[in-house]
Amino acid sequence: MPEDRGQWSGKLGFILAATGSAIGLGNLWKFPYITYENNGGAFVLVYIAAILVVGIPIMMAEVLLGRKTQLSPVGAFQNLGKNKAGGQAWTAVGFLGVLAGFTILSYYSVVAGWTIHYAWLALTGRLVELSSDPQALQTYFGSEFLASGSSQVFYHVLFMGLTTAAVFFGVKRGIERVARILMPFLFLILVVLVIYSSTTEGFGEALTFLFRPDFGSLTTASVLEALGHAFFTLSLGMGAMLTYGSYMGRDISIPRAAVQISALDTLIALMACVIMFSIINSADIDVSKSSTILFTTIPTVFAKLPAASLFNAMFYILIGFAALTSTISLLEVVSSYAIDNLGWARHRATLTMGGAITIFGTLNALSLGASSRLSSINLIGRESTAGLFGTMDYLASNWYLPVGGLLIALFAGWIMNPRETRQELETGHGPLASFGIWHFLIRFVSPLAVGAIIVSVILGKEYN
Ligand code: TRP
């Protein structure tokens, strides 16, 4: 028997940790950037619809599979697949999740590391200096920072160290504790920045852009992009929520938790948009379409406003915190496989897996310098970009996550007995009037929607 797996201290612990996993670079960086590219309003509505009909049902499915088995993905599918159609073949879904966790973490932590460097640059005043000339800032980012292998490796290793340390101390004393400290902080910084942005003249324009839909500008590509993003932002498709669900007590309502986590995640993504669009509008700056806007444009904008260094630093610390609670969940999926299935002690599992990902990620970090063309950096993007970094990102977001999500939905909707799924969803909740709606969504709507993403990838229609 593996060692005591650990459990959240209660409902709040689970919600904070899971929300921490969900809120990350996807919310603070990718969402504002794709909302900008897709013309706001209508895209935001489609995205919210995707969260409701695809995101929440799949999150409920993942959490129920985890809590039912009290195991991480590989063990959960092994256990549940046993006497069912497909049998042990379902275990592959678990392994796909472990592979996805390994892959995503190996490049996500490189970008997460950038936030430490930029917070540091802000605090020393260097960032404001650089920002006086937008071109200088671009050059610094591309030709100096990205091109410097030693910087890339240093911050990646630092970020992996923080991540590994948190996971090392276990579910309650490590993962939950970090979330309990960082999440309120993150929320506070966001509120301060939203208030700050509401005093800028671009605020009204930002709200109009975000909340006045213009359906004429909506394309199939943007619908698919909204769908794919709903998936990534809620940490779905690789068993991260499944793993977190496996540490959850039977007194907690899964449907309620899934709704709360998704609502918080969406709220924060929208707050990030309000902040960024307000300050960008106010500064009258020509925003390049580059996805590196966070590191090459935002500081220039802050520099034109009062207390630039302070708000710049706060901004990067915010993003770093959000990223850390996400990298923790990625490492936990990989480590918990070793704990549950190989019988390793947690300390051994986290140090080994954390170490292996650090080493592999170092190659990603170095590949950035080698291909340091600004345009080639398109994290979590759809196109296969240059270098190892781009390939890892391409594989994860185009293949591992959608395929994993599709299989999870099919398993929960078609392979599991409705009596079993209903019982798990009602445990800690009471009679679930909306079970029929969930069952319909997970059987038909989610697989079709996720299937559409996969088909578009196969047909080579990049939806970015
Ligand atoms: N959801 C996180 C974000 O928006 C990223 C993330 C963490 C993730 N864990 C995940 C994505 C698991 C997919 C699967 O940044």
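Colleague: Why is Thr362 called buried?

Modeller: Buried means under 20% relative accessible area, exposed over 50% and partly exposed in between, with a 1.4 Å probe and protein chains only. Thr362 has a relative accessible area of 17%, so it counts as buried. Bear in mind that this is a predicted model, where local features need pLDDT of at least 70, side-chain atom pairs count only at pLDDT 80 or more, and totals for chains, interfaces and linings use all residues. Residues are numbered from 1 along each chain as its sequence is written, and side-chain values use heavy atoms, with hydrogens and water left out.

Colleague: Where is Thr362 found, and what does Thr362 touch?

Modeller: Thr362 is found in helix 17, residues 346-370; helices here are DSSP runs of H or I with at least four residues, numbered from the N terminus. Leaving aside residues up to four places away in sequence, Thr362 touches Val153 and His156, where contact means heavy atoms within 4.5 Å.

Colleague: What makes Asn39 partly exposed?

Modeller: Asn39 has 43% relative accessibility, which lies in the in-between class, and therefore counts as partly exposed. Asn39 sits in the loop between helix 2 (25-37) and helix 3 (41-69), and has a positive phi of about 70° although it is not a glycine.

Colleague: And why does Gln70 count as partly exposed?

Modeller: Because its relative accessibility is 24%, Gln70 counts as partly exposed. Gln70 is in the loop between helix 3 and helix 4 (73-81); its phi is positive too, about 55°, and it is not a glycine.

Colleague: How do you know what span to expect for helix 20?

Modeller: The expected span is 1.5 Å times one less than the number of residues. Helix 20 (residues 435-458) has 24 residues, and its 33 Å from first C-alpha to last is close to the 34 Å expected.

Colleague: Where is the kink in helix 20 centred?

Modeller: On Leu441, with a kink of about 40°. The bend at a residue is the angle between axes fitted to the seven residues ending there and the seven starting there. Just after helix 20, Gly460 takes a positive phi of about 80°.

Note on methods
Helix = DSSP H or I, 4+ residues; strand = E, 2+ residues; numbered from the N terminus.
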